[in-house]
Amino acid sequence: MRFVDEAVITVRSGKGGRGCVAFRREKFIPMGGPNGGDGGKGGDVIFRVSPSLLTLYDLRLKRRYEAKNGQMGLGSQCNGKNADDLVVEVPQGTLIYELADEGEALAADLTDIGQEWIAVHGGRGGKGNMHFKSATMRAPRFAQPGEPGEEKRLRMELRLLAEVGIIGLPNAGKSTLISAISAARPKIAAYPFTTLTPTLGVIQGEFGERIVAADIPGLIEGAHTGQGLGTDFLKHVSRTRLLVHVLDAQEALGDDPLAGFALVDEELERYDPGLAQRPQMRVVNKVDTLDPETLASLKQKVLARAPGTLFLSAKRGDGLDDFVSALWRFVDSTRQEEPQDPPLKGEQP
């Protein structure tokens, strides 16, 4: 199944059933009076967060969702059946925008498992003629029609819910890192842009606690304008508490060992200043490709300008224990704080 994080669909609720015009006709009961029942309510269209879904792929396959209409009323004061609601399941972290001629507006942010949002309400059923009997109108020959349903066009956008976002230049070893610390198994190869879609990994703690991390495909210069599908990927780090910024050790051997970090930081700043202020853990990966003397010199240069930078080899396992311990310390200290989403595109901050 392909990773799909956007979809545009149309939803329509059911119409209410019309009320019934009927009269009581039984032997020995002349002029029994009106007894037409009410129409049933039309079905709502409800979005519900499902733990089993990871993408919006199903919503790309089906673009229109319609709830059923309520049944019409019957005689003998029998009301029509209410229509069942139509439940559309979506993955955790789905944003729903209502589309209109003047633009779009955020309608729902579905972040919790089981959370529901009613997109369109079903029409109310019409009243039968038994409701309109009076002293001056003993035989009403009319009933109410059911109310029409609602129809809306919606744009769905998925933003992964992860406490840790792993970012960096292409081929920095992000996929190898997330596969080394979790059960995630992304595609890994020795060329840039191996990872084309975000990957979620879960880091399990000793007592069952866990950290959800997202491996974000490589960002390049111009990512904030969409270069290399940068804007498609940057949105997935918007909910994270911590950014793990990974740099290939070979990229750090130039005159400026922090140039790779600075390039991606600039793209974060240009995309959204709030992301640039997000806490970062800087990691120099692939230290197994350097000889001990070169590595020692590199550590000295980097730590002089960026204290706290970690050096590891995700492939060989060097430094992974210290890295995971640092992740747990940070996450444990911030679990009571909610991450701040950046302003959504098209909205006022």
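Asparagine 285 lies in strand S13, which covers residues 280-285; strands are DSSP runs of E with at least two residues, helices are runs of H or I with at least four, and both are numbered from the N terminus. The structure is a predicted model, in which local features need pLDDT of at least 70, side-chain atom pairs count only at pLDDT 80 or more, and totals for chains, interfaces and linings use all residues. Residues are numbered from 1 along each chain as its sequence is written, and side-chain values use heavy atoms, with hydrogens and water left out.

Asparagine 285 has a relative accessible area of 2% and is therefore buried (under 20% relative accessible area, with exposed over 50% and partly exposed in between; 1.4 Å probe, protein chains only). Its contacts (heavy atoms within 4.5 Å), not counting residues up to four places away in sequence, include Ala172, Gly173, Val246, Asp248 and Leu312. Alanine 314 is also touched by asparagine 285, whose side chain reaches the backbone nitrogen of alanine 314 at 3.0 Å.

Helix H7 comprises 15 residues, 320-334. Its expected span, 1.5 Å times one less than its number of residues, is 21 Å, and the end C-alpha atoms of H7 are 21 Å apart, in agreement. Buried residues of H7 include Leu320, Phe323, Trp328 and Val331.

The protein chain as a whole contains 7 helices and 14 strands. Of its 349 residues, 46% are buried. Among contacts in the protein chain with a separation of 6 or more, 73% join residues 24 or more positions apart.

Key. Polar contact = N/O pair within 3.5 Å; in protein donor to acceptor, adjacent residues only side chain to side chain.
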